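Please look through the sequence and the model displayed here before reading on. The paragraphs after it are meant to be read with the structure open beside them.

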Amino acid sequence: MRVAVLGANGQIGQHIVKLLEADEQHDVVALVRKETQISQLTEQGINACLVDLTQEVAQIKNALEGVDAVIFSAGSGGDTDGDMTLRIDLDGAVKAMEAAELAGVKRFVQVSALQAHNREFWHPDITPYYIAKHYADRELMRSDLQYTIVRPGLLTNDDATGKVTSGSNIETGEIPRADVAKVIVELLDKPNAVGKAFDLVSGDTPISQAVQTL
Ligand SMILES: NC(=O)c1ccc[n+]([C@@H]2O[C@H](COP(=O)([O-])OP(=O)(O)OC[C@H]3O[C@@H](n4cnc5c(N)ncnc54)[C@H](OP(=O)(O)O)[C@@H]3O)[C@@H](O)[C@H]2O)c1
């Protein structure tokens, strides 16, 4: 399976790229937005391509030709304003979905946020972020793409534990980025993961078992 990672230079994205590179069943295309990132990846032997989510859908589509699956792990980050939240976390995600469909990509895995499906949960300080995630997820569910939506809790840079808890309504929790990446790579080609959206935090269930029972 040829897998394109949007946000490949991000903290989860880098874990995903490493895991896919190490897995003989997958070819990875790291999609990044700076020339310097391309040369760093190419030096490591990683296939990389320039994509900025503020670009036109047609340009994003060009980067997705020949790809079987897209992982969207991009994000505008906590230090940007509401405008970039709309442009990247909402419109960027939806443009990536449109581009994937135009390029004939079937599979799309979206990194969302814990409880993005549940308005009652949204913290007032970051409501625009949740709105962006919520409607991006809804667009993906309305699309013809074979989607999986992963809604992780507060992300940490702790080492992977290999164990998680997933569910339809987990109210709070955190999880290492390394474990989120492992879950995503594990579920990528599992038919039972298609059409699923779930909250994800650290827990006691081995990742392979958690993915089997999605
Ligand atoms: N922080 C949390 O606790 C939390 C919780 C749940 C979910 N999430 C979500 O998890 C995802 C990944 O998180 P993370 O910690 O890995 O984030 P991150 O390190 O900030 O990575 C985000 C990536 O998106 C890229 N990006 C930003 N604007 C872009 C654009 N215009 N075009 C293309 N790429 C662009 C960034 O590129 P550069 O490297 O060039 O800057 C970066 O590589 C995000 O969607 C985030 O919203 C976060």
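The structure is a predicted model, in which local features need pLDDT of at least 70, side-chain atom pairs count only at pLDDT 80 or more, and totals for chains, interfaces and linings use all residues. Residues are numbered from 1 along each chain as its sequence is written.

Helices (H or I, at least four residues) and strands (E, at least two) are DSSP runs numbered from the N terminus, and two strands pair if DSSP finds at least two bridges between them. Nine strands form an open sheet with mixed pairing, and their order is E3-E2-E1-E4-E5-E6-E10-E8-E11. Strand E3 (48-50) and strand E11 (205-206) stand at the edges, each with a single partner strand, so one side of each is left without a neighbour in the sheet. Strands of a sheet pair through backbone hydrogen bonds, either parallel or antiparallel.

Within this order, strand E5 (residues 107-111) can be followed through its partners. E4 and E5 run parallel and are joined by four bridges, with glutamine 110 in E5 as the bridge partner of phenylalanine 72. E5 also pairs with E6 in the parallel sense, over five bridges. Across that pairing, arginine 107 stands opposite glutamine 146, phenylalanine 108 opposite tyrosine 147, and glutamine 110 opposite isoleucine 149. A residue is called buried if 20 or more other C-beta atoms lie within 10 Å of its own, exposed if 12 or fewer do, and partly exposed in between, with C-beta atoms placed from the backbone. By that criterion five of the five residues of E5 are buried. In a regular strand the side chains alternate between the two faces of the sheet. Both faces of E5 are covered, with Arg107, Val109 and Val111 buried on one side and Phe108 and Gln110 buried on the other.

Strand E6 (residues 146-152) continues the picture. Six of its seven residues are buried, so E6 is largely enclosed by the rest of the structure. E6 pairs in the parallel sense with strand E10 (residues 196-202) over five bridges, and in this pairing valine 150 stands opposite phenylalanine 198.

Helix H6 (residues 177-187) lies across strand E4 (69-72), E5, E6, strand E8 (163-167) and E10, and runs at about 165° to E6. For such angles, axes are lines fitted to C-alpha atoms, for helices over the stretch in contact, and angles run from 0 to 180 degrees between N-to-C directions. Two residues are in contact if their C-beta atoms, placed from the backbone, lie within 7 Å.

Glutamine 115, found in the loop between E5 and H5, has a phi near 65°, a positive value in a residue other than glycine, and is buried, with 21 other C-beta atoms within 10 Å. Valine 194 lies in the loop between H6 and E10 and is partly exposed, with 17 other C-beta atoms within 10 Å; leaving aside its neighbours within four places in sequence, valine 194 is in contact with Gln146 and Thr148. Proline 206, in strand E11, counts as partly exposed with 14 C-beta neighbours inside 10 Å. The C-alpha atoms of proline 206 and glycine 162 are separated by 5.8 Å, although these residues are 44 residues apart along the chain.

Which residues are closest to the ligand? They are Gly7, Asn9, Gly10, Ala74 and Gly75, and 23 residues surround the ligand, where a residue is near a molecule or strand if its C-beta atom, placed from the backbone, lies within 6 Å of it. The elements that give two or more residues to this shell are helix H1 (11-22) and strand E7 (154-156), and H1 gives the most, with three residues. The shell divides into nine nonpolar, ten polar and four charged residues, where Ala, Val, Leu, Ile, Met, Phe, Trp, Tyr, Cys and Pro count as nonpolar, Asp, Glu, Lys and Arg as charged, and the others, Gly among them, as polar.
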